[in-house]
Amino acid sequence: MSEPVTILGAGCTGPLLGTLLAARGHRVRIFERRPDPRGAAVPGGRSINLALAARGLAGLERAGLMEAVRPLLVPMRGRMVHELGGPTRFLPYGQRPHELLWSVPRLGLNRVLTDAAAARGVELNFEHAARGADFARGTVLVEDLRSGQRRELAMSPVFGADGSGSALREAMVAAGLGSAREVPLEHLYKELTIPARDDGRHALDPGALHIWPRGGYMLIALPNADGTFTTTLFLAAHGAPVSFATLGSDQAVRALFDTQFPDVVPLIPDLVAQFAQNPTGRMSTVYAAPWHVAGKALLVGDAAHAIVPFHGQGMNCAFEDCRVLDDLLAERLPWQQVFARFDALRREDTAAIARMAVENYTEMRDTVRDPLFALQKELSLELERRLPDRFIPRYSMVMFHDEIAYAEAERRGAVQSVLLEEATRGRRALADVDLPALERAVIERLEPVSSPAVRA
Ligand SMILES: Cc1cc2nc3c(=O)[nH]c(=O)nc-3n(C[C@H](O)[C@H](O)[C@H](O)COP(=O)(O)OP(=O)(O)OC[C@H]3O[C@@H](n4cnc5c(N)ncnc54)[C@H](O)[C@@H]3O)c2cc1C
C-alpha cells in the first residue's frame, strides 16, 4: 500500500484540504507544530477573529461544514465609521440580504476543521514540526517536538499548508527549485479585547465592523459571539508623529487612545495592560514561484501567497484554493498535472487579491473618511441596482461573488473606478450625477458578467 498524502500545517488550510482529500478516498496525515487546538488554551493577541465571506463559505460548504461552523458566526452588515469628535456613520457592505460578512473566531473554526478532518479518518500529529525536505530523494523531515525524534516521510505527495513562513517553501528555495520573496508591510498590528457589558451584551453595535480611520493608521473592531469585540490597531512600525516606536510607555499608549479613540477608552478598562501584554504582529505579502515541485510537493494557502489582511481575504482565498484543488482532484489526474494546473489557475487571481488587499488598507484607514468616497459608494450601489449584470462594486465582487475570479474583479473594478471618478468629479450628491449618461457609459465599457448567479 502506498504511503499516505502528507499535509504540513493545521491552521485554516491544512485540515480543510485534508478533509477534502480524505473524502476523495486518499489516506491523509497532517503534521502541525502547535498543540491540538481542541485542548489548548486560547492564545491571546493573535488575529482572534476573522471575516468570512463567499469564497470561504464555498470552501466550507464543499466539505459539508457549514452546519458545524454556523453557530460560531456573527453577521456584519457594513462598516461603522467612528470619526474623531463626530457621529458614527454606517456604510453597508452590499445591498442584498446575503451580502454581509461573518465574524468567526479563529480558534473555534480551527477546532471545527480539526474535528472534521479527524471524523474523515485523517491522521493528526500535533506538536510535530517540518524541518526540511530532500526533493531528489522525495522525502520530508518531521520532528516530534515532545521527544525530539525525527522521521523522514515520503512525498506521496506533500502539501505545504504551513503558513506565511512555510518550511516547505524555504526548502524548495534552498534546493534551487523555486524563488520566494516576502515583502513586509511597514505597519504592525496589536490586538485588544473589548469585554462584554455586565449584562453580557456587546458594548458596540454587533452588526458591524467598526473602524476608527485616522489617516495614516486605524483601529478596527470585529464582534465575537460571546459579547466581546476583538479590536486591532494597525500602525506604522517607526516614524513620527505616531508609530509603534513612539508607544514605548504606558503614558504614550494612553495619550494616543485618549486623543484619537476617546470613545474606545471606557470600553477597555485594562487597555494599557493589554497593550503591554499582547504581542505586536507583523504582516507581509509572499510572492513565490513555482508553488510545486513536479508531482511531489505543492504549496497552498499562505505558504504559497500570504497577503496583508485588509480585504479580509487571506483565509477566504486559502479556502478557495482548497475548492479549486478539489475540482482538480475530481478529474483524477496524476499529481503532477493537478499541481501544474493549480499553479496556472490560481497565480493571476492570488496576485490580484494581493494587490487589492494592499489598496484596501488606504481605503479603510483614510479614503473611507472622504465625502467623495461615500458618494461613489452610493453611486456604485445605485448602478448595481440599475445594471446588476454589468456593474457590481469591486468590494462586492471580491467578498460576495465567488463566481467572479479575483483577477476579473480587479479588471472590472479598474474600469468602474474610472467611470465613477468621471461621473462624480465636482459633484456632491447623487442627484447631481447624470445617471442616464453614466448608464450608457457602463453599457459601452463593461460587458455583462456571464455568471447566472449575478442575474438571480
Ligand atoms: C491580523 C490578521 C487578520 C486577518 N484577518 C483575516 C480576515 O478577516 N479574513 C481572512 O480571510 N483572512 C484573514 N487573515 C489571514 C488569515 O489568517 C490567513 O490567510 C490564513 O490563516 C491562512 O491559512 P493557512 O492555513 O494557509 O496558514 P495558517 O493559518 O497560518 O496556518 C499555518 C499552520 O502551519 C503551522 N506551521 C508553521 N510552520 C510549521 C512547520 N514547520 N511544521 C508544522 N506546522 C507548521 C502553524 O502552526 C499553523 O497552524 C488575517 C491575518 C492576520 C495576520
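Rings of Phe, Tyr and Trp (its six-membered ring) are taken as a pair if their centres lie within 6.5 Å, with planes under 30 degrees apart called stacked, over 60 edge-to-face and the rest tilted. The model is a predicted one, so local features need pLDDT of at least 70 and side-chain atom pairs pLDDT 80 or more, while totals for chains, interfaces and linings use all residues. Residues are numbered from 1 along each chain as its sequence is written, and side-chain values use heavy atoms, with hydrogens and water left out.

On that ring rule, Tyr 189, Phe 234, Phe 310 and Tyr 361 are joined by ring pairs into a cluster. The count of aromatic pairs comes to twelve. Take Tyr 217 and Phe 261: their ring centres are 6.2 Å apart and the planes stand at 90°, so this pair is edge-to-face. It bridges distant parts of the chain, 44 residues apart, with Tyr 217 in the loop between strand S15 (208-213) and strand S16 (218-223) and Phe 261 in the loop between helix H6 (250-260) and helix H7 (271-277). Helices (H or I, at least four residues) and strands (E, at least two) are DSSP runs numbered from the N terminus. Tyr 217 and Phe 261 are both buried, meaning under 20% relative accessible area (1.4 Å probe, protein chains only).

Trp 291 and Phe 342 make a tilted pair, at 5.9 Å centre to centre and 50° between the planes. Trp 291 sits in the loop between strand S19 (284-289) and strand S20 (292-293) and Phe 342 in helix H10 (residues 335-365), so parts 51 residues apart in sequence get tied together. Both Trp 291 and Phe 342 are buried.

Charges turn up over rings too, counted if NZ of Lys or CZ of Arg is within 6 Å of the ring centre and within 35 degrees of the ring normal. Arg 365 has its charged end over the ring of Tyr 361, 4.4 Å from the centre, and Tyr 361 also belongs to the ring cluster. Arg 55 lies over the face of Tyr 406, 4.1 Å from the ring centre.

As for the ligand, 29 residues surround it, the closest being Thr 13, Glu 32, Arg 34, Ala 51 and Arg 106; a residue is near if one of its heavy atoms lies within 4 Å. Polar contacts (N or O atoms within 3.5 Å) include a backbone N or O atom of Met 315 at 2.9 Å from a ligand oxygen atom and one of Cys 12 at 3.1 Å from an oxygen atom of the ligand.

Notes. Buried means under 20% relative accessible area, exposed over 50%, partly exposed in between (1.4 Å probe, protein chains only). A polar contact is a pair of N or O atoms within 3.5 Å; within protein, one must be able to donate a hydrogen and the other to accept it, and residues adjacent in sequence count only if both atoms are side-chain atoms.
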